[in-house]
Amino acid sequence: MTATIARPSPLLFHPGFLLEPLGWVLAALAQPIADDPSLLVDLCSINKPRLHLLALGALRVPKPVTPSFVRLMSRETPQEVMRHLGLAWPIGFSGVLQKLPDHVIEARLYPQLLNLLAEPTAAKFLAHRPEIDERLIRGLATLPAPLRIWPALSLFADAAPMEHLTRGLEALARRAGMPLERLVEMLAACHQPAQIVAAILGLVERLPLPDTLPPRQVGPFQRIDAPDDIRAIAKAWVNCLAAHIHNVAEGRVAIYLNDRERPHAAALIARYGRLGWLVEEIKGPANIEIEPSALTRYHHLFASRGVGSSDDLTSIRALMLEYRLAS
């Protein structure tokens, strides 16, 4: 008797553990797997480089994906797969594929990675990295082109996290009242990583100190200064805002409440020296997470009043810490 494999419906297809690393790619493979269940044998045995090549294929192949295409992506040599996709084989690509995560990365990061590998300096930097994760690709891809030079790229190896370096430079340029292009040009003229760090820290040291509290009102958010009011909010919202009463009194922290518009939220604002007042976090009652689109809107509201996000300056603060520890 010949055994047969049941044909799963693409609408009912749920990945097993062995297919979980394929992530978003599975949506493109559901139909070909339903048409030819024997593909599961190939998909369950692919290695890490093949995993990422399959993701590239899912991005570039015309839809719908056919079983023959999946078979080709699973069995042909990596170079032949790239040729079939109409892509050149970047120098050092074999090593890069081995250093990527054990699961597919964000779809938009694959074209960005190929663009980086087309730049000799960036490609050399990636070739020397022990691991290449999503944060590194995002950080390098958003870095202004004049800064994709060895001294600047070296910062990504020596100081972490550097994912938000570009956002930090943008925020720093705004705070200093200078065009971002001018700051990039100044940093691109540096010949050593230490010179870049010194130039950034020198700019920070020339920033004026904040001489006032952040605005009393930011959209639907009202600044709460009275200790009794802060305690009442902490109790009603089941959070730890009361622990910041001393810092509020010392002028290091400001607390805001939005109980007017939904989603209701409380915001913790902290003073970061010459970098100014920055949003530390925005949470709902009982510290629930705010829906992403609303959270972005709230951050934009504070930014419009001169209060940026501490996340944007994570990389700058990391460089400042590295400098202090090295001094």
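Biologist: Which element gives the largest share of the lining of the largest cavity?

Modeller: Please keep in mind that we are looking at a predicted model. In that model the largest share of the lining of the largest cavity comes from β4, which supplies three residues. Strand β4 covers residues 265-271, and both β4 and β5 supply at least two residues of that lining.

Biologist: What volume does the largest cavity have, and which residues line it?

Modeller: The volume of the largest cavity is about 110 Å³. Its lining is made of N239, C240, L241, H244, A266, A267, L268, E281, K283, G284 and N287, and by class these are five nonpolar, four polar and two charged residues.

Biologist: How many cavities of 30 Å³ or more are there?

Modeller: There are three cavities of 30 Å³ or more in the structure.

Biologist: Which of them gives the largest share, and what classes of residue are in the lining?

Modeller: Helix α17 gives the largest share of the lining of the largest pocket, with five residues. Sorted by class, the lining of this pocket holds 14 nonpolar, eight polar and seven charged residues.

Biologist: Now the aromatic rings. How many aromatic pairs are there?

Modeller: The count comes to six aromatic pairs. In one of them, F221 and Y298, the ring centres are 5.0 Å apart and the planes stand at 90°, so this pair is edge-to-face. Because F221 belongs to strand β2 (residues 221-224) and Y298 to helix α17 (residues 292-304), the pair ties together parts that are 77 residues apart in sequence.

Biologist: Are those two residues buried or exposed?

Modeller: F221 counts as buried because its relative accessibility is 0%, and Y298 is buried as well, with a relative accessible area of 0%.

Biologist: And how do the rings of F221 and F302 sit?

Modeller: The ring centres of F221 and F302 are 5.1 Å apart with their planes at 55°, so that pair is tilted. It links distant parts of the chain, since F221 is in strand β2 and F302 is in helix α17, 81 residues apart. F302 also counts as buried, at 0% relative accessibility.

Biologist: Which residues form one aromatic cluster with F221?

Modeller: F221 forms one aromatic cluster with Y256, Y298 and F302.

Biologist: Where does the charged end of K124 sit?

Modeller: The charged end of K124 sits over the ring of W150, at 5.6 Å from the centre of that ring.

Biologist: What does I137 touch, leaving out residues up to four places away in sequence?

Modeller: With those left out, I137 touches L100, I105, L109, Q112, L113, L116 and I132. The C-alpha atoms of I137 and E163 are separated by 8.2 Å, although these residues are 26 residues apart along the chain.

Conventions:
Residues numbered from 1 in each chain as written. Predicted model: local features only at pLDDT ≥ 70, side-chain atom pairs only at ≥ 80, totals over all residues. Heavy atoms only, no water. Phe/Tyr/Trp six-rings, centres within 6.5 Å; stacked < 30°, edge-to-face > 60°. Helix = DSSP H or I, 4+ residues; strand = E, 2+ residues; numbered from the N terminus. Buried < 20%, exposed > 50% of the residue type's maximum accessible area, 1.4 Å probe, protein only. Lys NZ or Arg CZ within 6 Å of the ring centre and 35° of its normal. Nonpolar A, V, L, I, M, F, W, Y, C, P; charged D, E, K, R; others polar. Contact = heavy atoms within 4.5 Å. 1 Å grid on protein atoms, 1.4 Å probe; cavity = no way out; pocket = protein on both sides within 12 Å on 5 of 7 lines; lining within 4 Å. Points joined across faces, edges and corners; volume = space filled by probe spheres on them.
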